[in-house]
Each structure stands twice: as structure tokens, then as C-alpha cells.
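Me: I am new to this structure and would like a close look at a single part of it. Please start with one loop, and then lead me from there to its surroundings.

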Protein chains: 2
Amino acid sequence: MKIAVDAMGGDHAPQVVIEGVEQARDELTDVEFTLYGDEQQIRPLLKSDTRITIVHTTEKINSDDEPVHAIRSKKQASMVLAAQAVKAGDADAVFSLGSTGALLAAGLLIVGRIRGIDRPGLMPTLPTVDGQGFVMLDVGANAENRPQQLVNYAVMGDFYARDLRGLKNPRVALLNNGSEANKGDALHQETYKLLSDMPNLNFIGNVEADHLLNGVADVVVTDGFTGNAALKAIEGTAKNILRLVKHAIYDGGVRGKLGGLMLKSGITNIAQTFDVSSYGGAALLGLKAPVVKAHGGADAKAVYYTVRQIHDMVQNGTITKVVDYFTQA
Amino acid sequence: MKIAVDAMGGDHAPQVVIEGVEQARDELTDVEFTLYGDEQQIRPLLKSDTRITIVHTTEKINSDDEPVHAIRSKKQASMVLAAQAVKAGDADAVFSLGSTGALLAAGLLIVGRIRGIDRPGLMPTLPTVDGQGFVMLDVGANAENRPQQLVNYAVMGDFYARDLRGLKNPRVALLNNGSEANKGDALHQETYKLLSDMPNLNFIGNVEADHLLNGVADVVVTDGFTGNAALKAIEGTAKNILRLVKHAIYDGGVRGKLGGLMLKSGITNIAQTFDVSSYGGAALLGLKAPVVKAHGGADAKAVYYTVRQIHDMVQNGTITKVVDYFTQA
């Protein structure tokens, strides 16, 4: 198994990328990695080149580059070369911490769409209070979606939940503004009807955003605009409250610090539950190969977990199953 | 000043309604209240009928009633009678803890829309980490919106922030999926342009949902579908994390309880910051009089704060200013 890694994407590249990849490499002995990026920066950080090849390039995509233009014009960019490796059959998956827009463009223009899917969806795994988590898509690969696109997300999310989470009959829900079947705008009403007519999908109906973290569904389907707002609202709220709890501990003088010490394991558990880095990266589903993105601010641990996630996707042939499904449909 | 109160709306009616109203009545000596509801239930709960009149009715709107049909057919429902008091000039504002949909229908069919505003917006006040808070609209009165409707929300939110929050130049932002001007779907791109062209509005551009609680804007404009998802995501995340913190304290044995005791003031501060009940209710802006809704699960404290909010809206003539603005526009 070969994974093509854009070593230069993200806020702390290439350091955290290399660190996370090496940790995964030591554990997953069936994986070979190709790191695309500046060899002069990468080489000194690399502990061992066992099953790691460096393909040198100094060009890279910046977060403020216009995605499609950047992918077309920066032909030697680390992200572009990583995507081309998959296109050429030299790698099974692409991994980047770079700009989501650029990675989507690289996916569309280089890796290619699955026939029958016109709009790939971005799908992260999100935490739930019971620690099980759920996947949600699309969270922002698109600013607008049509009903059939949301149905395709449901199908792809279902494949993912079966293969990667080992669920026999994943509960698929539609993010909506109420629980009743007639809720939402035209897009969501029509999507509800279409999902209800899918015989092999365990569609459990609408779910509202305040119940997402309670583990009410395994796959949550949403349009990219709403999904983006819901995801960011969850992230921002969790981050702010956990920071306030930390402040209460550290700014609370001796009492606060002592209290914090006594509550440490409990608070650490909560922080871990809402630490998205252990949930892996966000997959761009709808492309002919696994194209997975980790957060730009991700640390080495998040990189490690994302590589494990990619490994499982390739090993299970999840994308191949999705391709087969839509080809036969 | 007279406030018409639907005493029968909400999960804990009429008890919490009466309790909160009486607390406000004792403090706000310029307000008279009319409570619409079952006198046999209300009378025994009432400590004093000073400046409180009961109008007896046993009919009420249920949360699962179809809103428009219920408002039209249940002519003696407490919510309907309260709205009619405003229509007849017998009250200055309507207050209910009942169904949002029904209250919106009562607002549209009985109180009436402000000329120039075809779609009222629901506007709660949300917490920020600095304790200042912000208003956001629409959070769910509509499942779909057009650009001009969002511009109207901006204008109304701006009036509200000036009058009720005392801000000289409220920062108005558009909830979008990125900070750049060209972000979002057609609705949000067009709204961005229109807001940029408003000379008397301090439009500061797009804001993303993960920054909402950081106090980046005073008025956040959004379509009802996205706003609903963002609001609920914030509420659900805050509630779940604060509950987990409480569990860490109470399930942590002696250490946890001792730690909790030492952190108590800090944690209580956080819980208070995110306790939406002290921020008052959600106003349905775009109607000819203040029509304000408190959460169905609201307690007496939330009722009290919402009455204070209504008092300030009436005293400042906020809705009259909005009516004047749109009449002259």
C-alpha cells in the first residue's frame, strides 16, 4: 500500500507531517510513503527513511491561492505531485494538510470524480458524548447542493460507516431545522423524500443540530453551507468553553489549581472526547481514490490518526466499493 | 405600559410564567400585565394581582398544532387573545413561551407585518466569552430567505443593538462559510454586496460560525435555515460540555467533589456566561409591535429577564423606529 503525502501543507509543515507519518510508518508495516516537498527541509527532520521516499519540489500551494488556478498553474506543487501519483497509479491515496479548496480542486482535476457523482463532499468524523463519534457530510466542499447530491453523500457515508466503523446498519440522518418530515426548505424536503425511498439505507429521518453530539446518528447528511456552519459552531463552542474551564483552573489561584488537579482526569477525559485530532482527517468522498485532508493546524498526533484512517480506507477498499456502487447504479 | 402575556405557553406553564411576571412586576412599576389563560390554574399561583389582570380562557395552542391553522381556528386560545390585545391597542407587546411557529403565525395574521418587511426574523441574544453577547437573526422563523430579507434583518438588528444594548455603532456581520467577500452561495454573495452598499450600517463583512462566541460582531445576519443550525449547534455543544464538566465533578468521588468545590466560582461563571436565560427571549422582528418568545423550557428567571427586555423595547420605542424607517424607505 502506498500513500502520497503532501509534506508542505498546513501551518506546521513539514515538521508535524513527518513526525506523524513516521509514527504511523513504525506501526503500519504494510504502508510505503512518498513525501512530496522540500527535501532540504524534510531530510533533517526524518529519523529513518524506512518505507519513506522523498520527491523533492520547492513549489507549494498557499492557503490564499485561488484553488483551481493554483492547481492548474503550479504543476510542481507538492499537493499537485501527490495527486498525480494517485492518478498515475503510483499511490493508493493522497494526504494533505493544505487548503481544502485546493485539495478539492486537485481531487477534481487530477484524481477525478467517480462517475455519477458531480460534487464530492467533505466528511470529518465528529465527537459524541459517548465517545463513539459520527461522520457528517458535506461540511464545506460546496456552497450549494442539490437533493441528489445529498443522497449520494448518504450512500458514501453509509459505506464509510460500515467499513471504517464496522457498523452493520449505520443510522443515516438528515440535518434539518426540525424533526418532522415536512421540515426545511425545498432542498431538505426533497432530500428527505429521496432518502426515504432508498431501500438499502437505514434512514432515520431528520436530526437537529443541538442533538448532533448526543450520538443520535452515525451518518449525518447536510448541504455544504449548513454543514459548514454547524461544524464550525460546534468547534468554536467546544474550544471556547474548554478554554474557559482551563482559565477557571489556572486563574483561580491556589484553590483553582488544587481544584483542577483533583478534577484533572475528568476534565482531561472531556478534552479528549472533544479533541478532534484523534478522530482522523476529513475525507473528500466522491473521488476515484481516498483524498484525505487534516486540519491546517493539526499536530503530529492528528497526522498519525489520519494516516491510520487512510490505511483502513485503502485496506477495506471503501472507495472501490463506492465506485462499483455508482457504476452499477 | 401594558404587556399581554400568553400564560399557557411552554413546558412549565403557567407556573414559571406567573413567577417570572410577578418578579418583573415588583420591579418595573410602570408596567401592567394581562395574563391570558386558565384562571383556575393561574389564580392559586398568583401572590398578588397588583397590576395583573387575568383574562380567562381554557383554549390553548399545542406545540404540535399546525401553526396557521391553529391561530385561525382556535379563536379563544391564550396566545391568540394576547396577540389580539395588541392588535386592538389594548397592549404594547405580546409575550409567549409557546410554539415559535404559532407565535409567528399570530404575529403575521393578527399583529401584522411592518410595511416593507415580508418575512419577520427570529432574533435571540447569544453569549460571548467576554459576557457582552450579540444578537443573531433569523434563527428559524424562515426556512428560506432572499437577499433583501437579510438586509432588512441587518437594519432591524442594528436598531435593536443601538436601543437595547446602547451601542453607538453596532458591528453588523454576515454569517458565511469564509471571511472573503466572494464566499458563500448566491444568496450570501448577493447579500454581502447589498450590505456593503448600506451607508448607515457598520457592515464589517463575513463572520464564520467558529468565531461567533468570541464577540466578533454585535449583530449577526443569517438566513433562517443556517442560523437555526448554528444556534442549535452552539446550544447543544455548550449544554453537553457543561454537563460533562458537572459529571466530572459529581462522579469523581471525594476528589471530584472537592475539586468541584474549589473550582465552583469559576465553573459557575462559565455556566452563567452560557446560561441563555439571562439574555432574555427571542424577538420576532418585522411585526408592528414587540412579539417576544421565551424558550419552551424557560424557567421563571428567563421569563423575568424577557419581560425586562420587552419593557426596554417598548420604553425605547424600538419597533416604532423600525416602522418609521421602513415606512420612509
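**A loop and its surroundings**

Reply: D138(B) lies in the loop of chain B between β7 (134–137) and α6 (147–165), where helices (H or I, at least four residues) and strands (E, at least two) are DSSP runs numbered from the N terminus. The model is predicted, with local features needing pLDDT of at least 70 and side-chain atom pairs counting only at pLDDT 80 or more, while totals for chains, interfaces and linings use all residues. Residues are numbered from 1 along each chain as its sequence is written, chains are lettered from A and ligands numbered from 1 in the order in which they are written, and side-chain values use heavy atoms, leaving out hydrogens and water.

What is the form of the peptide bond from L137(B) to D138(B)? That bond is cis, with omega near 0°, and in chain A the bond from A13(A) to P14(A) is also cis, with omega near -5°. P14(A) is placed in the loop that runs between β1 (2–6) and α1 (15–27) of chain A. Most residues other than glycine have a negative phi, and most peptide bonds are trans. Phi is positive, near 55°, in R51(A), a residue other than glycine, and this residue sits in the loop between α2 (39–45) and β3 (52–56) of chain A.

Buried stands for under 20% relative accessible area, exposed for over 50%, and partly exposed for what lies in between (1.4 Å probe, protein chains only). Neighbours within four places in sequence aside, L212(B) has contacts (heavy atoms within 4.5 Å) with residues including F134(B), M136(B), V207(B) and I234(B).

Charged residues come next, and a salt bridge here is a side-chain nitrogen of Lys or Arg within 4 Å of a carboxyl oxygen of Asp or Glu. By this rule there are 22 salt bridges over all chains. One of them joins the side chains of K232(A) and E208(B), at 2.4 Å from N to O. This pair crosses between chains, from K232(A) in helix α8 (residues 224–250) of chain A to E208(B) in the loop between β9 (203–207) and β10 (219–221) of chain B. K232(A) is buried, at a relative accessible area of 11%, and E208(B) is buried too, at 17%. Within chain B, D65(B) and K74(B) form a salt bridge whose closest N and O atoms are 2.7 Å apart, and both of these residues are buried.

How are the two chains related? Chain A can be laid on chain B with an RMSD of 0.0 Å by a turn of 180° and a shift of 0.0 Å along the axis, superposed by least squares on the C-alpha atoms of residues with pLDDT of at least 70 in both. The two copies are therefore related as by a two-fold rotation axis. The same surface serves both copies, as 100% of the contact residues of chain A recur in chain B.
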